[in-house]
Structure formats: structure tokens, C-alpha cells
Amino acid sequence: MKISEITESARFAYESLNSNKLRSLLTTLGVVIGIVFVILMGWLLSGLDAALEKTVNVIGTDMLYVDKWNWSGGKNWRDYESRKDINLAQATEFCRRVTTPEVAMPIAQKWGAKIQFKNQSISGISVQGVPAEYVLTPGGAVTDGRFFSKSEERFGADVAVVGYNVANTLFPDGDALGKEIKIRGHKFEIIGVVEKRGTFIMDFIDNQTFIPLQTFLGIYGTSGRSLSIAIKAGNEENLANARSEAIGLMRQIRNNQPGQPDDFSINESQMFREEINSLRMSTWGVGIGLVSLSFFVGIIGITNIMFVSVTERTKEIGIRKALGAKRGAIMLQFLMEAAALCFVGAVIAFAFCSTVIAVVVKVFFSDSDYLSSYVPPQLLLTASVVSIIVGILAGLMPALRAARMKPIDALRYE
Amino acid sequence: MAAEQPIIHIEHIAKVYTMGGEKLYALRDVSLDISPNEYVAIMGPSGSGKSTLMNILGCLDTPSSGIYQFNGLDVRSMSDNELAEIRNKEIGFVFQTFNLLARASSVKNVELPLVYSGVKRAERRERAEQVMHSVGLGDRMEHKPNELSGGQRQRVAIARALITNPAIILADEPTGNLDSKTGKDIMRLFYNLWQSGNTIILVTHEEDIARHARRIIRIRDGCVESDLPNEENEASYSEAI
Ligand SMILES: Nc1ncnc2c1ncn2[C@@H]1O[C@H](COP(=O)(O)OP(=O)(O)OP(=O)(O)O)[C@@H](O)[C@H]1O
Ligand SMILES: [Mg+2]
């Protein structure tokens, strides 16, 4: 294929599209919709991935959580319900005896609590009673102020570290530090605020509020609640060892007989990956379905209009053939026209998606940082390539028909 | 006579169309040799097969039977792309209806054969402008066909036929759509081309036009009726035009 033929084909394609602007635009509709789905799907999936990474990091990739409940299992909840609570004695014994991990600590939590500040209040809070070591886990990363100290914990000080939503709701001006709030009628001083960490996967995490474990037990008591144990393995390589030690030790403490299943669960960040993966698969499934459907419609439309274009230009094909255009040159002209048509569709789709995504993120997800407010650049590349391939597929039959015309028949066409 | 190898050699060419089960012979049996620097006129009544013959000679169409050798090569065994190459490099075709690309300027139209032989843009443009000058259209480069008169269009078409320096120029009633004055101008152009060494075959209805050629082939019902040198002497008709 000669350079001169290729540039000539490009000119031909441009001329053809330019002289039929409205028709071209309408024809690309199917492709536009298809590319819109490609871009939106890619954008959603990258949002999912970003949310997942964030969640996994907040939980900690080297963390294990021993719990009565299994995070991922909804269907066996009756089994978990019937398990005995993990009481304070068991949790303390576990933390004292465990050797493999860097650190292990008991955590007590109260769901659905209410926090008051003057005459305002926020409910649906999960109050977490944790030891001072909790600051070593990703969950204890305070951005504003500080976490409570070992002595504050020991003396059961009335200090609290609040989650992003709590601070943001009660103190929208960002002056939460030093304020006095009430939890169950007890006064607490806010000494720290945790940054926004929640995504749609764990939106409740920003409603957490941490107080010293001793203080917690003083307010809510020790009985009637199941504690969790947070285990920080230290690094990901140590995770497997820490897991097997935790299972063995916990079975011993909980008196699980050989052959009897564990009456506790070991939860970890990887469980979210599995959950997200199924979400990913369904996004893919729906996406691929919609994309193929619209491309199918789009290809039929473009093939059809390309046949029209070939017929309209029969005489021109005849002239070009008479002057020495080979089959390949004629093919290329129509393939380029079809590809350009689809590429225009991709550009339209891209402009549309950019607007929609920017608006949606601004209006509905303004404080989320996992959904990007622009179309990721690699999606632009994907969309362009896909559109050109679709164009070539759609243009193949008409281009072949044009290329195979006998010069004399094409010239005689009126 | 150790004649030069003919450019065109056809033997017992026939072209049959089957219409509604009936066979229609556009050409029955035509044999011809055309040598370099001949100037041939093909004449005959309407429907006698002149255009059919020209289209076959120009490799735009293929015969149903017979032998066709172009410069000694068997045309009938050539592929589509090989035929395209012959049309591109060896044949300059001039049509009665000009057959210019409506959307392209005249100089672009003239360039087009070079596009398909892969000549670079700058050289293409230079050669096209040169040929446009030689047909007297140096001042009409950027005009589109619909901005030109019929005679000017045919000159553009002739320039396009000339640009590749083809072995032979085929013209099917090149003056058929022109008035007699403009037709004469075009014929002068062909005469000059022949004088400078080109080989020309043209189809015409008019004896006046055929007089310019050095050999006249008459066709009737798809057969060669007569094939004679033009007796008129060269000097007298070159005066006439
Ligand atoms: N594609 C075709 N299908 C059927 N018949 C055809 C076709 N092309 C030409 N013919 C027939 O072949 C015969 C010769 O046609 P051709 O065009 O060669 O005549 P011509 O000598 O050029 O006539 P004119 O002087 O009117 O141009 C005519 O009878 C015509 O009807
Ligand atoms: Mg004719």
C-alpha cells in the first residue's frame, strides 16, 4: 500500500463525512451509545477498584480480626448468632498468650449509639472501646489531633477520637478538637479526628468513634457483648503464621473439641476482594451485554449507510479504477470512511461521558475520592481503538463490494 | 517487413451478453494490431460495438473469447490488480462524458493516476501543472469541473490521460459532447500529441473528425468491415485543422 493511496483515502473519507454531516451523525448513534457504555463501565470498574484498595488499606493488609461474626457470610448468620460471645476474659487471655503477631488487642463495640453536642446530636454511631495500641493499626490513623495514650487508657480518661462524619456533622467548621460531647450521658473531650476513609463498601467506618477500652467497659458494662480481637501480623508474610496460631489458640481458649468446627471467625481484608470481585463480574456482565447490543445495532446501521455510500459513489469508484486504483486502495477508502465515522462517534461519546461523569461526581459524590471526576485516559485509548475496530467490521462488506466492482460496470452506473 | 512489436494485438475477440436467455453479440469477431505512433480512428453506426471494443482495449472490460496481448503480454490471464496496473501506467483513457471527479479541483483530477502509482505529492503537483499548461489550462488549476466549460473539461481529462506518459491513448468519442469549434480544438490537441510520438485510437461518428487519423477502421455488427490507411495527405489535413 502506497503512502499516496493512504492519504488519498483519508481525504476521501473526510470528504464523504463532511458532505453528509447530519446523516453521519445519526448513523453513529449506535456506536456512540456503545462507546458510552464502554467508558462508563471502565469508569465504574476503576472506581470499584479504587474503593476496594482504599477499604483494604483501611482494614490493613496485615490485619486479622477474630470475631463471633463472619464479615462475608450473610447466609449463615443464624449459625454465627448461636455462637457464644467472645468475652473479655477470653480476649485478654488470647492477647496475653499470642506470640506470632506484632500486636493483638481486644476491641469492644456498641452499634447505634448517639453522640450529643449541646442541643445537636448524631445517631447511628459505632462507639469503639480500644486500647491505646490501636494507634498502631491503620484504623487508628488520626489526621487531626492525637490518639489517646496508654495512661489515659489505664485511668479510663473521658477522651474521644471521632470519625469523619461525626466531626463533619457536629462541627462543620472543622473546630472539633477540644469540644465536649456526650455519649450516653457521659462527657468526653474530643482529642482527635480521623480522616474520611469510607467508601460505599464500608460507609459506616466514618461513623466510628474511639474511646479507651476501660472507659467503654465502665459505661456499657462487660456482659452481653461479644468482643473482637484485632491482630496486627506486622507484615503480609507473617499473616499465614499469625492466622494459624490465632485459630489454634482461640480453639483452645474456647474449648473447641477436635472435629468440632471453630466457633469464631477470622476476618481479614482479602474478604472484601472476593466481595468486590463478584460485583466486578456483574458489572462486566451487564456492561458487556449492553455494549454488544449497542455495537450490534451500531454496526448494522453503519454497514447499511456504507452500502448507501458505496452505491452513491459507484461512478467515482469506476473512475478511480479506470485510472489504476487497485482493490486494496478502494477497500481502504471505504474502511477509512467507516472507521472515521465510528471514531467521530467515539469522540462524541467521550465528550458526553466527560460531562456526565463530571456532573454526577460533583452533585452526588462530591466528597468521595475513589470515583474519578474525569474519564481515565487509558479509557480514551480503549474507546478509540474499539471504535475503529467496530468501524472496520461495519465497513468490511460494503468495502468489499466496492473493491470487487468491475471498472466498466461502475463507470456505466447512472 | 520486420515490423516493430505491436502495442496491441487482438485476435478473434468476441463479447457476448446474455439477456433473458438470449445471446447478444456486442462484438463477434475482431482482430487488430496497433503499432507504436499509429493514429487510428474507429468508426461505425451506433450499436456496432465501438465502445465495447475500446473498453476491452483499455482493459476496463474483458472479452468473452479471443486473444488480447498488450505489449506482448496476455491480458486475459491477468488478475484484477495487474489490469489496474496496466490501466494506470500504459493506458490513457479519454471518455465522451469526461468522467472527472466532481469534488476535486482540475489539478487534483489530473494528479489522480499518479496517486495510484505512488508518486510523491510534490512531484505529482509539478507534473500535473506541467501537463495542465501543455493542454492550455495553466490558469484553471483550482477550478472544479462544474466551473469549467465542456471543452475545458475534456482538456482536463486529456491532461489526466497524458500524465503517466502512457503507451497508448484511447478516446471514445472525445468530441461527442462538444460543439464543432471546441471539437476542433480538441482534435488539434490529439494531432499534436500524435506528432510528438504518442499512439492514439479514437472512436468517432463524424467523418470530419476521422479524417485526422492516419488509419480508419470501420465496424459493423461487431465485425471489422474495413481497415484502411487514410489516403488524404498529411499536409492537407493539418492545414484543415
Ligand atoms: N452491459 C451491456 N449489457 C447488454 N448489452 C450491452 C451492454 N453493453 C453494450 N451492449 C450492447 O452491445 C452493443 C454494442 O454497444 P456499444 O456501446 O459498443 O455500441 P457503440 O458502437 O459504442 O454505439 P454508440 O455509437 O451509440 O456509442 C449494443 O447493441 C448494446 O446494446
Ligand atoms: Mg459508444
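Helix α5 of chain B is mostly covered, with 11 of its 13 residues buried (under 20% relative accessible area, 1.4 Å probe, protein chains only). This is a predicted model, in which local features need pLDDT of at least 70, side-chain atom pairs count only at pLDDT 80 or more, and totals for chains, interfaces and linings use all residues. Residues are numbered from 1 along each chain, chains are lettered from A in the order written, and side-chain values use heavy atoms, without hydrogens or water.

α5(B) runs over residues 150–162. Its first and last C-alpha atoms lie 18 Å apart, close to the expected 18 Å (1.5 Å times one less than the number of residues). Helices here are DSSP runs of H or I, at least four residues; strands are runs of E, at least two. Among the buried residues are B:R155, B:I158 and B:L162. Their cover includes α11 of chain A, along with α3, α4 and α6 of chain B.

Now the interface. Chain B brings 28 residues to the contact and chain A brings 26 (heavy atoms within 4.5 Å). B:L60, B:R103 and B:Y116 supply 29% of the area that chain B buries against chain A, more than any other three residues. Buried area is the accessible area (1.4 Å probe) lost when two parts are put together, summed over both.

The interface holds five salt bridges (a Lys or Arg side-chain nitrogen within 4 Å of an Asp or Glu carboxyl oxygen). A:R327 pairs with B:D80 in a salt bridge, their closest N and O atoms 2.8 Å apart. On the side of chain B that touches chain A, α2(B) gives the most, with six residues.

Definitions and conventions:
Buried means under 20% relative accessible area, exposed over 50%, partly exposed in between (1.4 Å probe, protein chains only).
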